[in-house]
Amino acid sequence: MTIDTLVLDIEGTVCPITFVKDSLFPYFVEKFPTFIDQLDFPLDPQSDDPIVKILDQLPHDIKESSINIINHFKDLVAKDVKDPILKSLQGFIWKAGYENGDLKAPVYEDSIKFIKEYPNKAKTQKIYIYSSGSIKAQILLFGYVKDPTTNDKSLDLNPYLSGYFDITTAGYKTESESYDKILQEIGKSDNSKSVLFLSDNVNEVKAAIKAGMQSYIVVRPGNAPITEQDKSSYTVIDSLDQLQL
Ligand SMILES: CSCCC(=O)C(=O)COP(=O)(O)O
Ligand SMILES: [Mg+2]
């Protein structure tokens with residue numbers, strides 16, 4: 001069946017893992033304690049402050065003091081836990097960094113080209129994003145893409161994207177039910193083979209295939225190595241230029 005819909009992972013697929021691990025995560029760890037230290041404790045559950053609303057979802061023993069909150073999130077980042085409360089908070093902290101120019105996303109050149117060229121005006125060819133990063137963080141990342149042809153400007157790729165999924169809207173990326181949900185949301189449950197999911201993570205690829213999608217492994221510098229067996233069992237690409245759609 002002809003592919004007409006792409007679902008793209010971010011980290012390790014269209015963007016280097018090093019940007020997330022060496023820029024985004026350290027930026028969050030450096031900046032978020034200042035935001036937490038400014039808050040009044042105990043937190044007011046009726047507060048309109050978006051950061052208080054996020055923190056209010058934490059268990060009582062963690063949200064009772066700034067030091068517990070700070071240690072909790074530092075620990076989750078160190079272990080790269082895909083925790084929905086952490087991911088929401090990261091979106092808020094990164095917003096300031098993108099807006100003041102501290103952060104620009106180094107999306108691979110082949111991916112910028114593909115994202116700009118693949119979607120057609122008739123909307124019969126679409127691209128969606130599915131990442132563990134929150135939807136807010138995804139929109140920021142694609143809104144502040146480092147322009148490979150200039151150093152000072154950034155590109156906004158969001159107008160080329162048809163939608164975003166994260167772990168709060170679709171579920172965890174290694175579970176096939178999450179891909180079932182995406183297929184349902186994008187109206188492709190009866191045409192699952194027309195949807196291609198790309199990821200660096202073999203377990204995510206397996207889950208997407210189990211849900212009926214087509215799925216390829218993307219290999220990029222710095223990604224976790226894949227086994228010889230996975231190389232022979234799955235389609236493997238190292239650039240979106242290799243897609244023949
Ligand atoms: C949306 S940028 C932040 C990426 C992030 O927090 C993350 O955990 C990356 O996971 P992915 O599913 O894109 O591999
Ligand atoms: Mg990834």
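Tutor: Let's start at Asp80, which sits in the loop between H4 and H5. H stands for helix and S for strand: these are DSSP runs numbered from the N terminus, helices (H or I) with at least four residues and strands (E) with at least two. This is a predicted model, where local features need pLDDT of at least 70, side-chain atom pairs count only at pLDDT 80 or more, and totals for chains, interfaces and linings use all residues. Residues are numbered from 1 along each chain as its sequence is written, while chains are lettered from A and ligands numbered from 1 in the order in which they are written.

Student: What is the phi of Asp80?

Tutor: Here's the general idea: most residues other than glycine have a negative phi, and most peptide bonds are trans. Asp80 has a phi near 50 degrees, a positive value in a residue that isn't glycine. Lys123 is another case, with phi near 60 degrees, and its place is the loop between helix H6 (109-117) and S2.

Student: Is Lys123 buried or exposed?

Tutor: You count C-beta atoms, placed from the backbone, within 10 Å of the residue's own: 20 or more others make it buried, 12 or fewer exposed, and anything in between partly exposed. Lys123 is exposed because it has 9 other C-beta atoms in that range. Asp80 counts as exposed too, since it has 12 such neighbours inside 10 Å.

Student: Where is the cis peptide bond?

Tutor: It joins Phe41 and Pro42, with omega about 0 degrees. You'll find Pro42 in the loop between H1 and helix H2 (50-55).

Student: At what angle do H1 and H5 pack?

Tutor: Two packed helices are described by the angle between their axes and the distance between the axes. The axes are lines fitted to C-alpha atoms, for helices over the stretch in contact, and the angle between N-to-C directions runs from 0 to 180 degrees. H1 and helix H5 (residues 84-99) pack at about 95 degrees, with axes 9 Å apart. That makes H1 roughly perpendicular to H5 (under 35 degrees is roughly parallel, over 145 roughly antiparallel, 65 to 115 roughly perpendicular, the rest oblique). Residues are in contact if their C-beta atoms, placed from the backbone, lie within 7 Å. Among those making this contact are Phe28 and Phe32 of H1, and Ile93 and Trp94 of H5.

Student: And how do H1 and H4 cross?

Tutor: The axes of H1 and helix H4 (residues 66-78) come within 10 Å and cross at roughly 170 degrees. So H1 is roughly antiparallel to H4. On the H1 side the contact includes Phe25, Phe28 and Val29, and they and others meet H4 residues including Ile69, Ile70 and Phe73. By class, this contact has 10 nonpolar, one polar and two charged residues (Ala, Val, Leu, Ile, Met, Phe, Trp, Tyr, Cys and Pro are nonpolar; Asp, Glu, Lys and Arg charged; the others, Gly among them, polar).

Student: Into which domains is the chain divided?

Tutor: Domain bounds come from an automatic or database domain assignment. Here the chain splits into domain 1 (5-16 + 106-242) and domain 2 (20-99). Their C-alpha centres lie 26 Å apart, and 13 residues of domain 1 are in contact with 10 residues of domain 2.

Student: Which residues come nearest to ligand 1?

Tutor: A residue is near a molecule or strand if its C-beta atom, placed from the backbone, lies within 6 Å of it. Around ligand 1 there are 15 residues, of which Ile10, Glu11, Ser131, Ser132 and Gly133 come nearest. Helix H1 (17-37) and helix H7 (135-143) are the elements that give two or more residues to this shell, and H7 gives the most, with three. The shell divides into five nonpolar, five polar and five charged residues. Ligand 1 lies between domain 1 and domain 2, because both give residues to the shell.

Student: Last one: which residues of H9 are buried?

Tutor: In helix H9 (residues 202-210) they are Val202, Glu204, Val205, Ala207 and Ala208. Their cover includes helix H8 (176-185), strand S6 (195-199), strand S7 (214-218) and helix H10 (228-233). Just after H9, Gly212 takes a positive phi of about 105 degrees.

Note on methods:
Two residues are in contact if their C-beta atoms, placed from the backbone, lie within 7 Å.
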